[in-house]
Amino acid sequence: MTSNVVTNTFGQRGSEQLMLGVTLNAQQQLSNFSFSGAPALPPTLDQLMLNEQADSVYVFGAQGVGKSHVLQGCVLKAQEMGQEAVYISCSELMQIPARQANDYLVGLEHNFLVCVDDIDCLVADSHWAQAWFHLYNRLMQQGNHLVMSAKSNPRTINCSLNDLRSRLQLANVFQLNALDEVASRQLLKAKAKQKGLQLTDEQVAYIFSRSPRGLTNVLAVLDLLDSASWLEKRRITIPFIKQVMAW
């Protein structure tokens, strides 16, 4: 199995370091993401990494279009450049009582880059909205950067604080769209190659014909095949795919 994860520690409360089980997938690199639907996004992220422009970036789109991939890729790239960077999953933060929101975000402004996934999960709550508003301001005052993701654009996001909504609208906003099937098949073959696997067109077509719809599900199949191939020391064939996936 070729994929691995990186522990993601994202904050401190007093002397207690917080970890909510969020991990970074080392395969989620910006270099292997298809930006065909948002060609202006990569140069904007490059400017951000070089500390030139783009103090904040807001990426939105439906589930499964790759928002988490982009955010984790940003963190991994920043860390490779020697910068302090952190990835936060707001779905994980939902475990925390909202009244403690400010306590759990304190100190994050000292990171060069903060990437906040699914921010729309929390900002409908007034406590979390206030906490993110203050963190946003502290990050900008420190000259650091913020990349956010959500399902909706910042004009229509369900946010309980108008001042925060205004801040979100000031970001560089990009929409990610799902790839068509041709592009999705090409991406699957490219992902397989990164893992040291060679998938034929016939095998790719078979996976797409049997897998649940959505690129996220197809890539999950690839991860299972990668693990099984490594454990059993077998190459990928259609009978092997049938066996592993019980299709």
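Contact means heavy atoms within 4.5 Å of each other. Helices (H or I, at least four residues) and strands (E, at least two) are DSSP runs, numbered from the N terminus. The views show a predicted model, in which local features need pLDDT of at least 70, side-chain atom pairs count only at pLDDT 80 or more, and totals for chains, interfaces and linings use all residues. Residues are numbered from 1 along each chain as its sequence is written, and side-chain values use heavy atoms, leaving out hydrogens and water.

**View 1. The buried residues of helix 8 pack against helix 7, helix 9 and helix 10 (238-245).**
Buried means under 20% relative accessible area, exposed means over 50%, and partly exposed lies in between (1.4 Å probe, protein chains only). In helix 8, the buried residues are Gln 203, Val 204, Tyr 206, Ile 207 and Phe 208.

**View 2. Val 244 sits in helix 10.**
Val 244 has a relative accessible area of 27%, so it is partly exposed. Which residues does Val 244 touch, not counting residues up to four places away in sequence? They are Leu 224, Leu 225 and Ala 228. Ser 227 is 17 residues from Val 244 along the chain, and the C-alpha atoms of the two are separated by 9.9 Å.

**View 3. Helix 6 (residues 162-169) has Leu 164, Arg 165 and Leu 168 as its buried residues.**
These residues lie on the same side of helix 6, because they cover an arc of only 100° around the axis. The arc is that of the directions from the helix axis to the C-beta atoms. An α-helix has 3.6 residues a turn, so residues three or four places apart point the same way. What do the buried residues of helix 6 pack against? Their partners are strand 5 (56-60), helix 5 (126-142), strand 8 (145-150) and strand 9 (172-175).

**View 4. Glu 109 and Arg 138 form a salt bridge.**
A salt bridge is a side-chain nitrogen of Lys or Arg within 4 Å of a carboxyl oxygen of Asp or Glu. The whole structure holds 7 of them. In this pair, the closest N and O atoms are 3.0 Å apart. The bridge links distant parts of the chain, 29 residues apart. Glu 109 is in the loop between helix 4 (101-105) and strand 7 (113-117), while Arg 138 is in helix 5. Is Glu 109 buried or exposed? Glu 109 is buried, at a relative accessible area of 8%. Arg 138 is partly exposed, at 23%.

**View 5. Lys 189 and Asp 201 form a salt bridge between two helices.**
Their closest N and O atoms are 2.8 Å apart. Lys 189 belongs to helix 7 (residues 181-194) and Asp 201 to helix 8 (residues 201-210), with the pair 12 residues apart. Lys 189 is partly exposed, at 34% relative accessible area. Asp 201 counts as exposed, at 56% relative accessibility.

**View 6. Lys 195, Asp 223 and Asp 226 are linked in a network of salt bridges.**
Arg 234 also forms a salt bridge, with Glu 232. Here the closest N and O atoms are 3.5 Å apart. Arg 234 is partly exposed at 32% relative accessibility, and Glu 232 is partly exposed at 38%.

**View 7. The structure holds 0 disulfides.**
Cys 74 is in no disulfide, and the nearest cysteine sulfur, that of Cys 115, is 4.8 Å away. A disulfide is a pair of cysteine sulfur atoms within 2.5 Å. Cys 74 is buried, at 0% relative accessibility. Cys 121 is partly exposed, with a relative accessible area of 32%.

**View 8. The largest pocket holds about 1200 Å³ of space.**
On a 1 Å grid over the protein atoms alone, a cavity is a set of points where a 1.4 Å probe fits but cannot get out, and a pocket is an open set with protein on both sides within 12 Å along at least five of seven lines; lining residues have an atom within 4 Å of a point. Grid points are joined across faces, edges and corners, and a volume is the space filled by probe spheres set on the points. The pocket is lined by 44 residues, and those closest to its centre are Gly 64, Gly 66, Leu 215, Thr 216 and Leu 219. Helix 9 gives the most to this lining, with 7 residues.
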